[in-house]
Amino acid sequence: MPRFKPYDYRQGLMVPLTLEKQLVEGSLEYALHHLIEERIEEAWFEELYANDEVGRPAYSPKLLLKVILFGYSRGIIGSRRLERACKENITFMALACGERPDHSTIAGFVEKLEGRIAAIFSEVLLVCHEEGLLSGTHLSLDGLKLPANASREWSGTFSELRLKAEKLRRKVIEKLAEHRRADRLDKKRAQRGACKAGEGAREKAARQASLQRLRQRAQRIESFLKEEKAKEGARGNEVQSNVTDNDSAKMQTGHGVIQGYNAQALVDERHQIIVHAMASGTGQDHQQLASVLAGAQELLALAALSEELPLTKAKLSADCNYHSEANLQACEEHGVDAYIPDNHFRQRDARFASQERHKFEHREKKGAFGIERFRYNPDKDTYTCPQGKELTCQSASHSTGDGHRYLRYRSKARDCARCPLRRACIARGGRRKSLAIAIGGAAGTRTARMRAKIDTPEARAIYGRRLAIVEPVFANLRSNKRLDRFTYRGRVKVGVQWQLYCLVHNLEKLAHLSRKYGPKRVKSAFGRLSSVLIRLITHLPRLLRPICAFFRPSPLFPLTSFRLSPPHSTVSFSTVSLGVMFQNVVRTGSVRQAGGG
Ligand code: SF4
């Protein structure tokens, strides 16, 4: 017969607990606690409270801020989940100093952060600078499109929404008639004694509830149409509005069309600190750059860093989506040395000559016969296609964001309808071929100058760093912080939520790298070894670049299988991704060892 240890639930236990000791040195919660205690002042939040003479004392904004930021770092953003965490999780309890704020207090505080988040962000930026984590020499910009807390179903132009409301009203009338018929039938059956009184009450209630839902939907659209104005796009045309969150917009992403926001982050090269973050309801990245630069300038001024980290000394790299005449002008105005390539810069780069996706033939396969396939007829001012059909000029010249002026030539839809080359000639979904012919206006423009600049080896090397600077930041926020959608509604609140995520990213950097708020010493040989390895992997692309440049022409270079000779960026991406993965593994291990959540 086995013997088991006896137990007794009625016994008492004394558990000695010091809240501060739960915040282990070297962890995010430690950095968060000390930084907020030392650098954030309660006075910043004074205007949000009106309980000087009456009313009970409020929870300290510092406690709430710590709980919220730590929750974001663990993917806990719902106020009810944060409330529960403050009762159940020892780290949250320590950060909240044993207080138990309820969900409405937490949600209300996040809403009030709107006017204070810039001050908090700039203070953290200042700490990063004091700790030597900012270089200010190379900034990279990129955007992340995330779904909003709104459905695509509720989107449409005003005429589409009017139609939808009418359709719902018609449905309400039909359902009402159906409902009355069913009521009469029930009454007759009850009079005949075919069923007992009260029978079918459940069906009746369900019918009424569905009718009520339809009415509410129609009312919601009608009141939206009364209160709001139609949204205008960049060209003055009407764009789709959204009944649930009218600041969000429909945008194309790699995974299809979403109703969402475009979150931008400007990242510093040295340790991937986010210098500025903002969210907007515009799917086009190229419309964001000027506001990002203005916002960054403002934030640096707020942190009193404009002189120490001036934008005029910084290089700015951003992908092709930001390439436009207006953006390059904005960079010039801010004195930023920009590296923003156009869409075809890979096709001009000899290092990518062997890559299928950058070849002209590849584009043709996707349905884009280029101008080379068409013959111009100067007498008639038309183009002749490979099938001998004519494309005529359809519009007066118009200019685009890149400073070019274009003329548009189109074929007839009936000519293309049965053409055997149709699939190769016209992009999917098109009915006819359309050619945009540049007719000047580009010589000497900023875009032309940028094309010449980006084709130099030095500029390509600088642009190649972009991937290693900004992409790991988005990888961290999306994968580690589980950021897959915004939960707030409205541009301002979504902006606050995006800045909270970015703050957490910067605080994590401080927790790992800062002398004051980070780990005081490497505790074990494994820790020391892992630090050396992380540094080695992170700096590998930079170390390999001169070797790569030296050996490129030689077929004997032993690492050609590592794809050194084509793009540096491929090398950077793979090695930096490895570095990030390794960092995550080591950090996860150390956080667990330290007792983190
Ligand atoms: S699809 Fe139209 S434009 Fe293209 S080759 Fe055929 S007829 Fe000509």
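Predicted model: local features only at pLDDT ≥ 70, side-chain atom pairs only at ≥ 80, totals over all residues.
Residues are numbered from 1 along each chain as its sequence is written. Local features need pLDDT of at least 70, side-chain atom pairs count only at pLDDT 80 or more, and totals for chains, interfaces and linings use all residues.

**Exercise 1.** Find which residues touch the most other members of the largest nonpolar core.

*Solution.* Start with the terms. A residue is buried if 20 or more other C-beta atoms lie within 10 Å of its own, with C-beta atoms placed from the backbone. A nonpolar core joins buried Ala, Val, Leu, Ile, Met, Phe, Trp, Tyr and Cys residues through C-beta atoms within 7 Å. The largest core has 100 residues, and Ile68, Leu69 and Leu507 touch the most other members. Helix α18 (residues 491-513; helices are DSSP runs of H or I, at least four residues) gives this core its largest share, 11 residues.

**Exercise 2.** Decide whether helix α2 is enclosed or open, and state why.

*Solution.* α2 covers residues 61-73. Of its 13 residues, 11 are buried, so the helix is largely enclosed by the rest of the structure. Ile68 and Leu69 are among the buried ones. Next, find the partners. The buried residues pack against α1, α3, α4, α5 and α18 (contact: C-beta atoms within 7 Å). Finally, check what comes after: α2 is followed by Gly75, with a positive phi near 75 degrees.

**Exercise 3.** Describe the shell around the ligand.

*Solution.* Count first: 13 residues surround the ligand (C-beta within 6 Å of it). The closest are Cys385, Cys416, Cys419, Cys425 and Lys433. Then locate them: α13 (413-417) and α14 (422-425) each supply at least two shell residues.

Technical notes: Buried ≥ 20, exposed ≤ 12 C-beta atoms within 10 Å, placed from the backbone. Near = placed C-beta within 6 Å. Expected span 1.5 Å × (residues − 1). Contact = placed C-beta atoms within 7 Å.
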